[in-house]
Amino acid sequence: MEEVLLNIIQYMDKKIIFADNYHTIRYLNQKAVDHYASKGYKKLIGESVLSFHKPETKQKLKEAIWTLETNKDMMQYQINNTIIYAVRNKKGELIGYYEMY
């Protein structure tokens, strides 16, 4: 079942970027890899999401993650037209977030 779910995410028609609580990119699906490769970005895994945003957006993203960390019932946070989705472990602790667009 895990392989099926991974294939659904990997090949869906939306770009997905997953980052940990420290804003380090840990996963991109194929659509995101292709999109960023066409813009000249080759290696994004291990890079900071923050390095690709303007200063005001960086601050909003940090605030979003802090809000998601401190509000265990909250599953998403909107920044302008982008929704940040929380990824939590079984205890409800935030382990990262993803953007899907």
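The following dialogue explains how to read several features of this predicted model.

Q: Which residues of the largest nonpolar core touch the most other members?
A: A nonpolar core consists of buried nonpolar residues joined through their side chains. The largest one here has 18 residues, and L28, L61, I84 and Y97 touch the most other members. At least two residues of this core come from each of β1 (16-19), β2 (25-28), α2 (30-38), α3 (55-70), β4 (82-88) and β5 (94-100). Helix α3 gives the largest share, four residues.

Q: Which residues does I84 touch?
A: Leaving aside residues up to four places away in sequence, I84 touches L61, I65, L68, M75, Q76, Y77, I79, Y97, Y98 and E99. One of these, Y77, is also the bridge partner of I84.

Q: How many bridges join β4 to β5?
A: Five bridges link these antiparallel strands, and R88 has L94 in β5 as its bridge partner. This hairpin has five residues between its strands, and G92 in the turn shows a positive phi of about 90°.

Q: Where does H23 lie, and is this residue buried or exposed?
A: Burial is read from relative accessible area: under 20% is buried and over 50% is exposed. H23 belongs to the loop between β1 and β2. Its relative accessibility is 8%, so H23 counts as buried. H23 also has a positive phi, about 70°, although it is not a glycine.

Q: Is N80 buried or exposed?
A: N80, in the loop between β3 (76-79) and β4, is likewise a residue other than glycine with a positive phi. Its relative accessibility is 54%, so N80 counts as exposed.

Q: How many salt bridges does the structure hold, and what does the pair of K31 and D13 tie together?
A: A salt bridge is read from a side-chain nitrogen of Lys or Arg within 4 Å of a carboxyl oxygen of Asp or Glu. The structure holds three. In one of them, the side chains of K31 and D13 meet at 3.0 Å, N to O. Because K31 lies in helix α2 and D13 in the loop between α1 and β1, the pair ties together parts that are 18 residues apart in sequence. K31 is partly exposed at 35% relative accessibility, whereas D13 is exposed at 63%.

Q: Which side chain meets D20 in a salt bridge, and is D20 buried or exposed?
A: The partner of D20 is R26, at 3.0 Å, N to O. D20 is buried, with a relative accessible area of 12%, while R26 is partly exposed at 47%.

Q: Which side chain meets E47 in a salt bridge?
A: The side chain of K43 meets E47 at 3.8 Å, N to O. E47 is partly exposed, with a relative accessible area of 33%, and K43 counts as exposed at 56%.

Q: Which residues form a nonpolar patch on the surface?
A: A patch is made of residues with over 30% relative accessible area and no salt bridge. The nonpolar patch comprises M1, V4, L5, I8 and I9, with about 500 Å² of accessible area together. Among them, L5 lies in helix α1 (residues 2-11) and is partly exposed, with a relative accessible area of 45%.

Definitions and conventions
Residues numbered from 1 in each chain as written. Predicted model: local features only at pLDDT ≥ 70, side-chain atom pairs only at ≥ 80, totals over all residues. Heavy atoms only, no water. Patch = residues over 30% accessible without salt bridge, like charges linked within 9 Å, V, L, I, M, F, W, Y side chains within 5 Å. Areas by Shrake-Rupley, 256 points an atom, 1.4 Å probe, with all protein chains shown as cover. Buried < 20%, exposed > 50% of the residue type's maximum accessible area, 1.4 Å probe, protein only. Core = buried A, V, L, I, M, F, W, Y, C linked by side-chain atoms within 4.5 Å. Contact = heavy atoms within 4.5 Å. Pairing = 2+ DSSP bridges.
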